[in-house]
Amino acid sequence: MHFISQVFHWFGESSNWTGANGIPELFWHQAELSLAVVAGAIVLGGGLGVVLGHTGRGGLVAVNAANAARAVPTLALLTLLAIQPSISLKWDGFLASFIALVVLAIPPVLTNTYVGMREVDADARDAAMAMGLTGGQVLRGVELPLALPFVMAGIRTASIEVIATSTLAAYVSYTDLGTYVIAGLNSQDNVEAFCGALLVVVMAALVAVGFSLLLRALTPAPLRRPGNRFGPAPSTALT
């Protein structure tokens, strides 16, 4: 109970809510970095997944290569980037953190996008072609909407992983919620480290709920039913 009271006291201190190292400022910094990383992963991984899934060529090689990249420890990559002054000093550590986290975020986005595109029901694709739709029209009007549950599941997974891992950005002097965690560990202040980790959990939970609501809003009503033959349910997506 004493530890819990200390946690409440930490959150109740006004000094933790104001200034450059206040909770709102660091919360925004982490959200800003995470948003940029996920956007980069969507452009790179999602774009490649859409192209490969639509054409059906080279997808397995790209997906396996992306999944192999998961074996690269983010902290190790971040450390390698940190010793490069031209990268580590850019934008107060933002660039080094961005590169390391994009490598982490691409695999789930690429994999789910590719699988979602390939899992689109062949009858729906053939029916669209029979109606005279071009390849681009089939992609935009049929394949992407039906693959959306898989794609969004991949983006959600990547977002949560990025938010949880972006605390490591504090190692390259980027100030986000990881600043509390690292500072607490260095000074053996378990309360500060716990509170920083708790704030990260809150952000991840908000993002998870937000993506669930967004997915439901973007998914056509007929596809919301589990097991619909024209589109995979979100829960079946690869993560």
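In the predicted model, helix H3 (residues 59-68) has Gly59, Ala62, Val63 and Ala66 as its buried residues, where buried means under 20% relative accessible area, exposed over 50% and partly exposed in between, with a 1.4 Å probe and protein chains only. Viewed down the axis of H3, these buried residues fall within an arc of 95°, so they line one face of the helix, the arc being that of the directions from the helix axis to the C-beta atoms. Leu60, Val61 and Asn64 are exposed on the other side of H3, while the cover of its buried residues includes helix H2 (23-55) and helix H6 (94-118). Helices are DSSP runs (H or I, at least four residues), numbered from the N terminus.

The structure holds 5 aromatic pairs, for which rings of Phe, Tyr and Trp (its six-membered ring) must have centres within 6.5 Å, with planes under 30 degrees apart counted as stacked, over 60 as edge-to-face and the rest as tilted. The rings of Trp10 and Tyr180 have centres 5.1 Å apart and planes at 90°, so this pair is edge-to-face. Because Trp10 lies in helix H1 (residues 2-12) and Tyr180 in helix H9 (residues 178-186), the pair ties together parts 170 residues apart in sequence. Both Trp10 and Tyr180 are buried, and ring pairs link Trp10, Phe11 and Tyr180 into a cluster.

Residues are numbered from 1 along each chain as its sequence is written. Local features of this predicted model need pLDDT of at least 70, side-chain atom pairs count only at pLDDT 80 or more, and totals for chains, interfaces and linings use all residues, while side-chain values use heavy atoms, with hydrogens and water left out.

Conventions: Helix = DSSP H or I, 4+ residues; strand = E, 2+ residues; numbered from the N terminus. Contact = heavy atoms within 4.5 Å.
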